Amino acid sequence: MTDVPVSRIRNFCIIAHIDHGKSTLADRLLQDTGTVAARDMQEQFLDNMELERERGITIKLQAARMQYTAADGESYVLNLIDTPGHVDFSYEVSRSLQACEGALLVVDASQGVEAQTLANVYLALENDLEIIPVLNKIDLPGADPERIKEEIEAIIGLDCSKAIPCSAKTGLGVPEILEAVVERIPPPADRVAEPLQALIFDSYYDPYRGVIVYFRVISGQLQRRDKVLLMASGKTYDLDEIGVMAPDQRPVDSLHAGEVGYLAASIKAVADARVGDTITLAANPAPAPLPGYTEAKPMVFCGLFPTDADQYPDLREALDKLQLSDAALKYEPETSSAMGFGFRCGFLGLLHMEIVQERLEREYNLDLIVTAPSVIYKVNLLDGSTVMIDNPATLPDPQKRESIEEPYVKLEIYTPNTYNGTLMELCQERRGEFIDMKYITTDRVTLHYELPLAEVVTDFFDQMKSRTKGYASMEYSLIGYRKNDLVRLDVLINSEKADPLTTIVHRDKAYNVGKSLVEKLKELIPRQQFKIPIQAAIGSRVIASESISAMRKDVLAKCYGGDISRKKKLLQKQAKGKKRMKAMGRVEVPQEAFMAVLKLNQ
Amino acid sequence: MSPPPRSAYLHIPFCHRRCFYCDFPVVPLGDRATGQPGAPGAASIAAYLQLLHREIAAAPAGPPLSTVYLGGGTPSLLTPAQVGELLEALRRRFGLAPAAEISLELDPASFDERRLAGYLAAGITRVSLGGQSFDDAVLAALGRRHRGADLAEAAGWLERARHRGALASWSLDLIQAAPGESLAGWRQQLRRAVATGAPHLSVYDLTIEPGTAFARRLERGQLELPEADAAADRMDLTWAELTAAGYGRYEISNYAFPGHASRHNRVYWSGAGWWGFGMGATAAPWGERQARPRTRAAYAAWLESGQGQGGAAPAPTAGMPLDERLLVGLRRREGVRLPALLTAAGFAPAERRQALAELRRRLEPWLADRLLLEEGPRWRLADPAGLALSNGVLRELIGWWDERTAPGRRSSGAVPPPPAPVPAAAAG
């Protein structure tokens with residue numbers, strides 16, 4: 001099956017906004033080409049992780065090879081390369097686009113183009129991909145394909161005269177899509193004779209075989225017995241197996257330019273075979289790697305601490321294991337007088353952070369305290385040196401600092417124009433600088449702002465969604481560091497500094513944040529048998545304070561012969577709940593309190 | 001091994017009606033029930049008493065009883081003769097010790113002075129009067145059948161009997177923190193209770209138990225309970241008023257003049273065993289509790305099957321588990337002798353020292369604030385502040401015990417099993 005001529009290969013991906021039906025369409029393509037029999041079809045075949053399925057989003061990308069006999073009577077190999085659908089994973093998206101010659105742009109025929117889609121379409125255009133617009137969900141009553149076509153033409157400048165109306169759910173339009181893939185997407189360049197260059201666009205960790213690497217052969221050929229060199233990591237491996245995803249892994253003897261496949265080579269961690277790295281032959285290496293490789297850099301940081309100090313070794317082991325399959329996850333030990341031993345972890349974004357936290361709790365059975373997310377600050381010291389700070393509690397004292405710089409992002413919000421006002425207000429509140437606003441159609445606009453990343457990684461996304469009833473979408477990218485008048489806001493609980501609650505805020509907002517923070521903590525920390533002062537302070541100056549009055553009564557009214565079992569069970573349950581709290585000094589603090597800074601507006 | 005029980009509880013499930021807060025195993029007979037032959041429910045009562053007699057007669061032998069408690073329900077729905085027959089049955093099976101404390105629960109408006117005389121003649125020495133409140137509005141809100149005047153009248157009969165020497169002691173129950181009652185209203189209740197002369201007062205916070213009328217109303221947002229601080233104010237006031245009136249607080253909810261503490265209830269808090277008879281009754285003759293079925297039919301079937309105490313004496317067990325002994329023991333003014341309890345629970349001397357050190361560490365904030373006091377071998381909660389917060393200490397103790405006894409926990413040196421391998425992200 002690998003003797004397919006390059007001219008009969010088509011490599012493509014699907015670009016779509018969450019919920020616009022990408023997974024359903026992918027499933028439908030697999031079914032219609034007979035790649036997966038209907039009876040073997042799990043819903044949303046490409047989204048394999050349990051978490052992904054629950055959230056209805058794609059985190060890990062995957063690929064599938066389909067055999068398709070076109071109207072011209074020829075048999076084609078269609079490789080569908082899936083792309084993740086979240087802003088946290090835009091680098092992965094760019095690599096999978098690089099592995100394709102074309103893309104299906106799937107747009108909901110009633111909802112239109114969203115910011116996320118737009119960003120990915122631009123990426124696809126930059127990569128010279130042939131784009132086939134597909135209008136999905138045309139079977140739904142609200143569908144208005146003509147309006148959406150106009151919108152796509154207006155926004156992206158794509159010719160929509162040949163846009164394909166479809167319903168991935170019913171299968172309508174799917175044969176037309178398959179024909180369009182063959183007709184309109186160009187075959188890969190025939191570079192079989194050149195030295196091997198294969199682009200890694202995904203990998204995952206298999207506990208039995210080591211890392212399984214997904215790649216697209218750009219040039220040359222790969223044989224099963226070859227020894228390969230990964231050009232960025234500089235490591236060489238003897239191959240255990242190569243093959244294609246059909247969609248189950250099927251070993252083959254060789255793969256040539258244009259093909260998409262996987263390899264297993266007893267690679268220990270995904271960090272050794274990073275997305276974007278180039279595979280070549282150790283014996284006859286390509287003169288240069290493929291362009292565009294970068295290491296995914298964490299942008300958001302938080303502390304992870306086990307509620308039960310005894311679980312620290314378990315947490316370390318779990319993170320070690322997760323990192324085998326998640327190259328973007330970074331962590332290092334962190335010790336806090338308040339929290340004991342834990343880890344400072346770096347993530348691509350908030351979603352990535354939530355996913356890791358959930359996996360740790362669910363798959364490894366850990367009880368965790370997660371501190372509020374932070375970004376990396378660049379602190380210029382008076383002695384001329386610069387330090388990067390990912391933990392607010394470690395921000396050097398003011399007398400040592402010359403200035404603080406914080407990361408800024410370019411933010412694009414795509415919204416119905418009725419929500420302009422509220423979104424602009426939100427961006428102003430979050431220290432955003434207005435750049436421009438464009439009407440894309442008569443009733444939809446893009447808002448363009450530059451604002452500090454720190455303001456985006458808190459509850460910005462949730463706020464945007466709730467203020468626009470879910471209609472707005474957003475996209476952001478890092479544009480560099482800017483100096484700002486920032487201060488470290490400490491929280492003192494019962495007169496002891498609570499490191500994990502320390503935040504870095506703009507001086508102008510410090511008072512308001514401090515005030516709401518202590519109020520929120522008062523709400524979240526249960527009363528205890530003594531009065532607990534809660535203060536927010538900049539340096540030694542207290543700017544806001546509250547106190548939780550002492551609990552005066554916590555007692556079982558009666559307990560006679562028959563009551564004992566029930567009362568004991570009640571106390572046992574409460575004792576277990578208490579274990580999920582973290583003792584900070586004498587105060588028991590529940591998990592939610594550590595995220596208080598994210599909930600100030602609720 | 002526990003010594004054999006010297007106490008017995010008899011459950012009389014019949015009531016006029018079920019009060020809004022009640023989750024006891026009771027059988028409401030309607031407001032017109034009197035317990036007299038021919039009155040509504042009389043046949044039910046007679047049938048139930050047959051079962052109760054059967055259970056008592058089938059119990060294994062034991063030493064004479066020094067305390068007996070007839071609780072309910074409303075045991076004043078029994079005639080004095082029926083009460084007398086039950087006591088006679090206990091006397092036949094176990095014997096009654098000289099000066100035994102024999103308590104009967106009575107509800108106002110369910111007996112008169114003549115009937116009281118009949119109970120006393122039948123052998124009752126102590127009465128527990130389910131007064132709850134003198135305030136008609138509160139009584140109505142609680143779903144009680146009687147009125148404040150009924151309570152005052154009944155209290156008068158009891159106090160007169162006590163002064164005559166016909167009744168050794170009596171107790172009045174009050175419900176604290178009833179919905180809608182002001183702090184001033186509660187002070188009024190306490191003063192009226194003191195004025196009755198009752199030598200013993202049980203003051204219980206209204207507790208909303210699952211399945212009760214109140215629980216349903218609370219769920220629907222139709223019941224407003226006092227805020228935490230308001231409830232604390234009431235508890236503080238109770239302590240202040242009653243201690244000023246000469247009562248001693250010998251347990252979290254119980255106050256008595258010297259010599260009038262309930263001997264029977266002390267048994268529950270001491271960890272000693274007791275016999276229990278009747279539907280829904282809990283027995284713990286050897287320390288481990290055995291609950292009886294909570295409906296009459298199930299209770300009858302259970303008796304029929306020969307389970308429980310019938311036939312051969314059950315194998316004596318190790319007694320009440322340590323966490324329960326602490327749970328009940330720390331409710332008392334005198335607290336517990338902790339080293340002795342640890343020894344009884346099987347701790348060797350070295351283990352005992354270690355356990356005491358660990359408990360001191362866990363309970364350090366409580367000890368430091370003098371809410372919990374360690375006085376030689378005795379650990380007790382300070383009165384009133386420590387008792388008012390006792391759950392905090394109990395959670396620590398119970399948490400400690402659960403960790404020690406849970407299978408595979410660290411105390412046994414076992415390491416938790418390693419987590420499962422990460423599931424592969426692709427179908428493979």
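Student: What share of the contacts in chain B with a separation of 6 or more comes from residues 24 or more positions apart?

Tutor: A contact means heavy atoms within 4.5 Å. In chain B, 69% of the contacts with a separation of 6 or more join residues 24 or more positions apart. This is a predicted model: local features need pLDDT of at least 70, side-chain atom pairs count only at pLDDT 80 or more, and totals for chains, interfaces and linings use all residues. Residues are numbered from 1 along each chain as its sequence is written, chains are lettered from A in the order in which they are written, and side-chain values use heavy atoms, without hydrogens and water.

Student: How many residues does each chain bring to the contact between B and A?

Tutor: Chain B gives 59 residues and chain A gives 46 residues. Buried area is the accessible area (1.4 Å probe) that two parts lose on being put together, summed over both. Here that is about 4,700 Å², with 54% on carbon and sulfur atoms.

Student: How many salt bridges cross this interface?

Tutor: The rule asks for a side-chain nitrogen of Lys or Arg within 4 Å of a carboxyl oxygen of Asp or Glu. It finds 13 between chain B and chain A. One of them pairs Glu324(B) with Lys568(A), with the closest N and O atoms 2.8 Å apart.

Student: Which element gives the largest share of the side of chain B that touches chain A?

Tutor: Helices (H or I, at least four residues) are DSSP runs, numbered from the N terminus. H16(B) gives the largest share, 10 residues. Helix H16 spans 390–405.

Terms used. Helices (H or I, at least four residues) and strands (E, at least two) are DSSP runs, numbered from the N terminus.
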